Amino acid sequence: MDISNGTEALGYIADGEWVEYTFNVETAGTYTLSFSTSAVTDGKTITAAFEQGGGFYTPAQVQNLPNTGSFTSFQTVGPLTFELEEGEQVLRLTFNGGQLDLASFTLGFEAPVNDGQSAFNDTQTAWEVGTEGLSLEARFYDNGGQGVAYNDTTAAHQGDAFRSDEAVDISMPSQAIGFIEDGEWVEYTINVAEDGVYDLDFLTSMASSNPAARSITASFAKGDTPYVTASSVGVSPTGSWTSFTQTDTTQVTLEAGEQVLRLTFNGGPMDLASFNLAPVEPPPVDDAQQAFTDNGDPWQVGSDFTLDAVNYDEGGQGVAYNDADAEQIGTDFRPGDGVDIVGDGDAIGWVDEGEWVEYTLNIQQAGVYDLSFLSALGDSSGAQRSITATFTKGDGTPYASIDPVVISPTGGWGNFQPTDATQVALETGEQVLRLTFNGGSQDLASFSLARDGQQAFNAGGTPWVVGADEGLTLNAALFDEGGQDVAYNDADAVQIGSDFRPDEGVDIVGQGEAIGWVDEGEWVEYTINVEQAGSHTLSFVTSSPNDGRTISAAVEQDGVFTNSPPRRRCRTLAPGEPMWTDLR
């Protein structure tokens, strides 16, 4: 390139010449580009475009240049505006129209206008969408108010008091966004870790399909304009406003970086409890592992599931099992495999320390499960025997595991006895169970997974968290699943009031507003997870037309009541006032 005398500018430029500059953009966003140029005739221009990954990704923009009267007289022109990605990239400047001089250019970041919109969390920072994706309750829409973070057709807040200073309506007791009208929308500030294809689905409810079909449309924006809009996802009737189901999944290609997700509701009333946004995993390497079923499909695990141990996965040594000796001892029930089989598929036997087998399962409903084994141990000498279990999805990293389950001597190798059950919280979907044998010889006939009869009344069956700082506030109607004499005791099997919890005997006021029609000695239970040991206070909101009513509370752990606070006397309140527990 030619350099002009005296000015050290690029000079003696001919039509069509170009130069490139490599640099690294730290923050994606809006940038302005301006130039310091000189020319002695009109009709000169500079074309600018940005290249990343071997291709130009911004539209080319043209800057007209003035006649400055002298090649030593420079003027600043521009700016051109570009939406740039973060990371290393190349700027190409192409010169058009003949001789001109370029002394310098300036590329500046335009900080976004602070309109008060921010993520609804303690730090007001964008929700992270990492390798595990993001599952977020819909009620955690952004701060910012009407026309900024959401659009709600009525200014008055309806339903639950959560975020009652905002117009977005919250259903009771589900805490979902509700009372939705056609065209309303909410926004969420997120930070996508990596470019790629993402799955998006929603947890919704709808009592009726009339008068119009319902759907949700998602768009993603950096700055004021969406750069991608996903296909609308249909919302189907679920039978009631408290019965939530997962929608179909739509896929959308996202750019990395901070951005705003807008969910627009189409067609009319529906309730939205949450959404899931997760990266689509690349197709797994075909290691030939599959369930030992007729068609290779995973074993379907319902509420009560038992599987013979010899039905471990197909795939061979190091993939579906690890056996210390390639030669199969016992029968050839699984010919060609190294796992040793007792009898006609009666059990896995001749087990050595560290051997393992795997089973591909499909867990149909998330929740807490009891896991137990049917084992035999004819030798009481040597090391203690046990079995360890892990559950893996996707990348091969276990997401759940159990402590070793002890295998006690059974008095003979043909005498199979069930072990104690241990509990494990499982996610829904396809996954691989690995059973690892510890301590040496033992025989395994089968294992069982049974969804625990008593567990918290929520989507995953996981205990309600009592936070170290915020404690727990819970509607009384969200007592545990498990039924009479397990999760509650109700004097009358017939449910009085609403059918908020159909098939349960506990009597419910309204749509989950309170437990009512209470008789002497009735009780309910709630499974909780206390984050921090120490002193906690427990309070109630109740109603009663009479004096002399009390509530007794006790906390149970591992089958033993650890403490029993004194009875609390109920105060007399207005009829119909909801009852709920406030545990802090």
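A search of the whole structure finds 11 salt bridges, a salt bridge being a side-chain nitrogen of Lys or Arg within 4 Å of a carboxyl oxygen of Asp or Glu. The model is a predicted one, in which local features need pLDDT of at least 70 and side-chain atom pairs count only at pLDDT 80 or more, whereas totals for chains, interfaces and linings use all residues. Residues are numbered from 1 along each chain as its sequence is written, and side-chain values use heavy atoms, with hydrogens and water left out.

**Stop 1: Lys222 and its partners**

Select Lys222 and Glu85, whose side chains meet in a salt bridge with an N to O distance of 3.3 Å. This pair links distant parts of the chain, 137 residues apart. Lys222 is in the loop between strand E16 (214-221) and strand E17 (226-229), while Glu85 is in the loop between E8 and strand E9 (87-96). Strands (E, at least two residues) and helices (H or I, at least four) are DSSP runs, numbered from the N terminus.

Are these two residues buried or exposed? Lys222 counts as buried because its relative accessibility is 16%. Glu85 is likewise buried, with a relative accessible area of 16%. Here, buried means under 20% relative accessible area, exposed means over 50%, and partly exposed lies in between (1.4 Å probe, protein chains only).

The side chains of Lys222 and Glu255 meet in a salt bridge of 3.4 Å, N to O. Glu255 lies in the loop between strand E20 (250-254) and E21, and Lys222 in the loop between E16 and E17, so the pair ties together parts that are 33 residues apart in sequence. At 24% relative accessibility, Glu255 counts as partly exposed. With the three residues displayed together, the viewer shows Glu85, Lys222 and Glu255 linked in a network of salt bridges.

**Stop 2: Glu187 and Arg262**

Move to Glu187, which forms a salt bridge with Arg262; the closest N and O atoms are 2.7 Å apart. Glu187 lies in strand E14 (residues 185-192) and Arg262 in strand E21 (residues 257-266), so this pair ties together parts that are 75 residues apart in sequence. Glu187 counts as buried, at 8% relative accessibility, whereas Arg262 is partly exposed, with a relative accessible area of 27%. As background, side chains of opposite charge can pair when their charged atoms come close.

**Stop 3: Thr68**

Select Thr68 in the loop between strand E7 (61-65) and strand E8 (75-84). What does its side chain reach? The side chain of Thr68 reaches the backbone oxygen of Ser70 at 2.9 Å. Thr68 counts as buried, at 11% relative accessibility.

**Stop 4: two cis peptide bonds**

Continue to Pro79, found in strand E8. The peptide bond from Gly78 to Pro79 is cis, with omega near 10°. Then select Pro173, in the loop between strand E13 (150-151) and E14. The peptide bond from Met172 to Pro173 is cis, with omega near -5°.

**Stop 5: positive phi values**

The loop between E13 and E14 also holds Phe179. Phi of Phe179 is near 50°, a positive value in a residue other than glycine. Phe179 counts as partly exposed, at 39% relative accessibility.

Now turn to Trp350, in the loop between strand E27 (347-348) and strand E28 (356-363). Trp350 has a phi near 50°, a positive value in a residue other than glycine. At 42% relative accessibility, Trp350 counts as partly exposed.

**Stop 6: Gly467**

Gly467 is in the loop between strand E37 (464-466) and strand E38 (472-475). Gly467 is buried, with a relative accessible area of 5%. Display Gln532 as well: Gly467 and Gln532 are 65 residues apart in sequence and 7.5 Å apart in space, C-alpha to C-alpha.

**Stop 7: a patch of negative charge**

Which residues gather in a patch of negative charge on the surface? Select Asp122, Asp469, Glu470 and Glu531 to display this patch. Patches are made of residues with over 30% relative accessible area and no salt bridge, like charges being joined within 9 Å and nonpolar side chains (Val, Leu, Ile, Met, Phe, Trp, Tyr) within 5 Å. At 83% relative accessibility, Asp122 counts as exposed.

Notes:
Accessible areas come from the Shrake-Rupley method with a 1.4 Å probe; for residues, only the protein chains shown count as cover. Lys and Arg count as positive and Asp and Glu as negative; His and the chain ends are not counted. The place of a charge is taken as NZ of Lys, CZ of Arg, CG of Asp or CD of Glu. A polar contact is a pair of N or O atoms within 3.5 Å; within protein, one must be able to donate a hydrogen and the other to accept it, and residues adjacent in sequence count only if both atoms are side-chain atoms.
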